[in-house]
Every structure is written in C-alpha cells, then in structure tokens.
Amino acid sequence: MANIEISDLSMSYQKGKQILDGLSLDIKDGELLSILGPSGCGKTTMLRLISGLIPIQKGTIKVSGKDISKVPVYKRNFGMVFQSYALFPHMTIFQNITFGLKRRKLDKKEIEQKALDILDITGLSNLKDRMPSELSGGQQQRVSLARALAINPSVLLLDEPLSNLDAKLRIEMREEIHRLQQKLKMTTIFVTHDQEECFAISDRVALMNQGQIEQLDTPQNIYKNPRTEFVARFIGYENFISKEWAESKQWQYHKDIEGKLLTIRPENIEIGSGENMLSGKVISKNFLGNYYQYLVETEIGVLKVNTTEDQSSTNAEITLNFPEQSLIELEDK
Amino acid sequence: MRTKIKFSSVVGFLVLVILVVPLLIVIITSFGEESAISFPIKGFTFDWYANVFQQPDFVEGLKMSSIVAIVASFLALVVGTPMVYVLTRFDIHHKDWFQTIFLSPALIPEIVIGFALYQALVISLQLPLFISLLVGHFLLCLPYVVRLITAGMMEFDESIEEAAWMVGYNKLSAFFKVVIPNIKQSVVAAFILSFITSFNNIPISLFLNGPDLNMLPTSILNYLENNYDPTVSAVSVILMIITASIMIIAEKYLGLNKLT
Amino acid sequence: MKRSTVLLLYPGLLLILVLLILPILQMFLPTFTGDQFFLEKYFNFFRSSGNMQVIARTLIIAVVTTLITLSLGLPTAYWISRLGDRWKKVVSIIVLFPILTNAVVRNFAWITILGKNGVINNFLMQVHIIDKPMTLLYTNFSIVVGSVYLFLPIMITSLVSSFGQLNFEVEEAASVIGARPMIVFFKVILPQLSVGMLTGSILVFVGSLTAYTTPQLLGGNKNMVLATLLQQQSITLGDWTSASVVAVVLTVIAVLVMTIMNYGTKLLDRRNAK
C-alpha cells in the first residue's frame, strides 16, 4: 500500500497550451480520492502522468516516499481501469486477468490461484472462458477492474470507468468499486466528471479547473461550503448575490472566507419571511417530479427557487427568505 | 425513378459481361487443338498445359516470381509496420511529411522506378540483379503496407496497448503480444495485396530481369513477342487459378472487402 | 522514451532515401546538363514532333480511358450499391477478380478478340458483314479498349465505396418534394459522389498514363506512349540519357496530375464536410 505526494506538477503541449499548472496534491494510504472536473480541466492528463503513460515535464510524483518520475510505466505496478474498458480482445477473460501475472515471478499454480481468487471476489468466475466481445458493458468493466487488481497494484487508477455504462449499471458498478476498495484498502484515484458518483464513494474530492485544484475536501464539505464560484456552480449552486448589496441590506450570512460574492442553492431559498428577505415576481413555474422550480425576478436579477410543495403560481408577487446558514460567502478568484 | 434503375441495371449487367467474357474466351482457347489461337475452338486437349511446364522460362519464372513476391512483401511488412506504428501512435513533427515519403514509391511511375534502379543499383553500384529486383519489389509493396496497416492501427483502441503497459509489459513485448495480434487482419491483408502486386508486376521487373532471372509475367510477355499459341492461354488460366485461390484464402480469413 | 521510438522511423526513411530518391536523382541530374544550357536536352526532346505525338497520345488515351470508365462505372456502381447483400457479394467478386489478375492475361484476352483472326473479325466475316479482316489490333483504339478493360474495375470499386457512404434518404427527400429522377441524379446524387469520382479518376488517369503492358501488347511499335518510348530508348536503343529525359517527363506529368487532383479532392472533401 502506498501514499502519493504530487508536487508542483506542470504540463503543457507543444502548441503552448497549459494543461496542468503547478499542481500539488497528497493522497493518503488507503484513501479513495476523486478528481472531479469538467472535460478539459486536466484531470485525465493528471491521471496519465501518475500512471506513467505520459512523461512528466515538470514537478515530482512520489509514491511511498520514492520519486517515480524516472520509473517506466510497466515497472510502476499500478492498476488502471480505462473508460473504454480496453480489454485484450484476442484473449479470454481468464487470459486477460493472468496476462499481467505472467510477467511476475510466479509459478503456474500461483498464477491460476490468484486469478481464480480475483474472479471470485469480482463475481466473474462463470465468465472466465468467454471472450470480451461476448460480454455486456458492465461485465467488461468488471473484468477490467479484475485485471487491474490481479497484479496486486500499489495504487489503483480509475479513468472515468463508469461513463460508458447506463444509469442503473453505473450505480451498481460504483458500489462494487467502493466495496472492493474498502476491502483491499487500496490507495485509489478516481477520475470523473459526475459529481454524484464521486460524492457517493470518495473519501476526499479534488475539484479541478483549468489545470489547478480549486478545492480539496471531503464530499460533505465541498457540497456545504464551496470555496469559489467555479466550485459552487459545478456542484449546483445557481444563485449568486453581490456581498456589497447584501451588506447594504444588513443581511446575515455564513462567514468563513473573504470575498465579494455570496451564493445559495435553489432548494435553500424559502418562500415566506425570515432573517434575509427579498421580494420578487414569479415569472415561470415548472413541476420537475420531486420538486417545483420557480424563476423569480427580483431587484438583483432572476433567481432560481426549488420547493417540495406547490407554494405559488406564475405572476404572483412573493417574498423570499435566504437562511443565514445556507447563504455562503465565496473566495475571489 | 423506374427508368433510371432500369438504365443502370442494363449498363451494370453489360459491364459485368464485358469483364467476364474476355477471360472466358482465354479459358476456352486454352483447350483448342489448333496451334494458332482460334475461337471457337476445334477439338479439345490439355496439351498446352503440358507445354507450359515444358517452358523453362515459365517454370523458373513462376518460382522466381513467387520467391520475390514473398520476400518483398515480408520485407515491406517488417520495415513498414514499425514505421506506421510510430506514425499513428506518437505526436511527431512533420507527420505529413513522413507519410508522403513512405507513400512516395506509389507516386513515381513504376517503369521509372525500374529504370532508375537499373541505372543506380545494377550499373553504378554493380549490385546483383536479384538484390536489385528485390529492392524494386520492396518499394512497390511498401505503400500498400503503409496504407493498410495505417487503417488497421486507426481502428485499434490505443488504451488496449496502454493496458498492457500498465500490467507490466514494456513497449516491445506489448507491441508483439497485444498490438500485432489485434491488427493481424490488416497485416495479413497487406501481405496478400503486396504479394499479388509484386507477383503481377511487369514494369519494374522489365528492367531488372536477366538471362538467369526470369519473372513469370515478363516471360509471358517475351513469349508473346515470338509466339501466338494456346500455351499463353494455358499459362493465363494457371494465373487465374492462382488469383482465385488467393481470393478464396482472403475471403476465408479476412473477408474480401479488406482487399479493396 | 519518445526519442527512442521515433528512431524506428529512420530505417524506413533511410531505405527510401537510398533506394528510391537517390536513384531517381541520379537519373534526373544528367538530363539537366548540356553544351549550351541546362534544359537543352528537354528542348531537343520537345522539338521532335514524334515525341510530341507520343506525349499527346499518352495524354489523350489517359483522358479518354478515364471518361469511358467514369461513364460506364457510374451506372454500374449505382446498380451494385442497390443490390441485395448476396448479389452484391457475387458482383463484387466478379469486379475484384480482374483487378487481381495479371495485366498480361487481361491484355492477351483482347489480342484474341481484336486480332486479324480474332473473335470479332471471325464473327463478322462469317456472317458476311465484312469480307476482309479489319485492323482493330495495334491501334490507338485497341490501347483504349485494353486500358478501359484494365481500369474499369478499379473505377467501379472506388465509386461503389463512395455510393456506400451516400445518403439515399436525401434522394428520397428530393423525390418526395417532386424532383424528376434525372434531376435527382444530377443535382442530388452526383454532387455527393464527387469525391469518389475524383479518387477513381486519379487512379485510372495516372494508371493509364504510366501503364506499360497495355500499350506494349495492344499498341504495337507504331503507337508509342511515354512508357513504351522509355523502354524502347533504354532497353532497345541503349540511349540512357534520352530514356532519362522521357522518364523525367513521365514522372513530372504523373506527379503534377496527382498533386492537382489530390488537392481537388481535399477541397471537395472540405466542402462536403461543411
């Protein structure tokens, strides 16, 4: 098992585009850390740098205290699960799993035993003689995971492993990954653009934007206390209020960091009176299944308000309340 | 709409007839008894086939053409596959430039290649004819290898190769254990097409053959200058049988569309 | 890591340089020397009306062959692309077989058909339409026939693959709004095929421009083209410098035509992609 220390990692392509910009990050032994961010934020590049699939240009990566920058990819002993599964199409499932083991100094019996163990804990025993093309997407991804785990890697890297699966399988598979990770206590880096799957299984989340980490925290903290406007927007905060304006109205808000902007989630705005009030007119109302969404025009612009109960109708003049604990101050960027 | 479909069916069918009939005539004339080719034939005989195998130029030519085609295709694959691998897998400066150079043997007229090689390799460098001939056919095959292997590499998901690196295989062993098995079809297709192209080639061989080095197509060409008898029909039928066999093999292992 | 893999390109590069580019240069260079000035040999070459005739014949045969294969290939490819899977396969085999068969065989077939005692003359004499055999073989006509026969399958193959990508729904949409079949064909289908037509035309045009076997077998000694002239100057007459001039002229024409037509294909591709 291993911890990873990444310091001052930078990467740019030949055409001068900066992909990673002086990024540092520590991953604890046995931790499941997610790298979350929109496409193009550099998260996949970072994973590929850690894996050794692309060479490090600047910065260092240490695993268990040892600099691995010069260690070639095939000697790193990391497990990786690819978005496209990337199973070896010309091998059976069993051969896919033993392929990496054959490179290690093990005798035939040990290899077979190890493969059977892995097949067993991933629930693939009955598929071991099939070819990858005969498997469903979910099964293929399970094999991909089994193949990565078979070599007993010091670190497990997951590159958007769920994005090619349908919604139901995605939940099933992420639970599977979580279960195996907990069982094996394996240091794991999980790259995704989906905040729900990331929050569900991660110990910590690194939210990335433009080659830098915007916020590194537990899922709960990121959800409750986003630090920047980018983080807030990415995880579903849609209403932004100038702090200067709020102060002029003597509003009370959650003070943690110093900035110019306040934010609140649509479901945290209440219809009715309270400590921080603002009046407005409902310009649209939509029923979205488990909640109603109102667009309310106010003196500071159109705000989004979600309520579980039907509380108003289009064109109605209403009063909104912004509870102090839900109104969060953001850092400038 | 109906009139147009009718028109294209008629033309299409006629074109097929035009494509097939001349070859049928050749097949039929190979069985005629008269010593000058005539159609329709009189009598029926296999003698001309026997005569083919009594022509040392044809027998030696068949052997030499096969050897050259196999060796040249093999060399083109050995040299071409790693080049294509690098070109398709890595960000290389001047990629287009390299691509153009590797395809350049297809840009220059074959007869010019034969002529230039004869002057440079045979006359100036005094290389043995056989080596020069191999060089010519190697150059002939290379563009086919480049084109087909490039297509194969484009279809191959590179994460599969990366997965092999991740589980402990270095680039060389991953190339042989994972990349090659997965582009096998393209490699076989490239070999078959190279073989046929080399085996059928005339313009390059024209300059690089000699008294002891006969290629089958140029031997037939020479034979035709002095003779006009059904031996040529018979050897043509043998060539058609070779083509058909290759097509059957290709269809069985690849599907014929891989060859076009 | 990267540097070492790029090294794999160099053996191939070196081979092509030494085995192809250098010999070609070695062939080119002596043609650019002369007593008066460096293009003297070319002036002499082009001043000869015999040579100009050869160039004209070569180009005309290539143009005519391309046009005929194109006009026969289009309806054929259209027909093939609308066949059911099973027939399509049979027909594709019939088209592919000649491509893979030796050119000597295919040209020889036309000797037996067009010759003095060939199939056509024999038949026409038997039914008394003519009483003396016509001269069909060893003419420009026979070269064109042989070239068309040689390259038609290649044209059909490139057109069929282009028809394969054709969106037939556009055709249906056009006829639904009332366009007549001929108009549909010329205004809707043909533009979509332009890239395939150009690709096929490049293959056929350059192929027949540089072909040796067909003019040699079906053209005889009187109807020379550049390729046969090259062979005659070098192997028969042993005049290597004159042969080199022919080789340069042939190469320049071929490369020029290919470059222009490839550029055209790229332009069309880009326009169609929009």
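This is a predicted model: local features need pLDDT of at least 70, side-chain atom pairs count only at pLDDT 80 or more; totals for chains, interfaces and linings use all residues.
**The interface between chain C and chain B**

For chain B, an unreviewed UniProt entry lists residues 62-250 as "domain: ABC transmembrane type-1".

Contact between the two chains involves 71 residues of chain C and 77 residues of chain B. The size of an interface is often given as the accessible area lost when the parts come together. For chain C and chain B, the buried area amounts to about 6,900 Å², of which 82% is on carbon and sulfur atoms. Three residues, L9(C), L100(C) and F108(C), supply 10% of the area that chain C buries against chain B, which is more than any other three residues contribute.

Polar and charged interactions across the interface were also counted. Eight residue pairs, with both members at pLDDT 80 or more, are in polar contact between chain C and chain B. One salt bridge is found across this interface. E251(B) forms a salt bridge with K89(C), and the closest N and O atoms of this pair are 2.6 Å apart.

On the side of chain C that touches chain B, helix α2 (residues 9-28) of chain C provides the largest share, with eleven residues. By residue class, this side of chain C consists of 50 nonpolar, 17 polar and four charged residues.

How values were computed
Residues are numbered from 1 along each chain as its sequence is written. Chains are lettered from A and ligands numbered from 1 in the order in which they are written. Side-chain values use heavy atoms; hydrogens and water are left out. Contact means heavy atoms within 4.5 Å. Buried area is the accessible area (1.4 Å probe) that two parts lose on being put together, summed over both. A salt bridge is a side-chain nitrogen of Lys or Arg within 4 Å of a carboxyl oxygen of Asp or Glu. A polar contact is a pair of N or O atoms within 3.5 Å; within protein, one must be able to donate a hydrogen and the other to accept it, and residues adjacent in sequence count only if both atoms are side-chain atoms. Helices (H or I, at least four residues) and strands (E, at least two) are DSSP runs, numbered from the N terminus. Ala, Val, Leu, Ile, Met, Phe, Trp, Tyr, Cys and Pro count as nonpolar, Asp, Glu, Lys and Arg as charged, and the others, Gly among them, as polar. UniProt positions are given in the numbering used here, feature names are shortened, and annotations may be inferred rather than shown by experiment.
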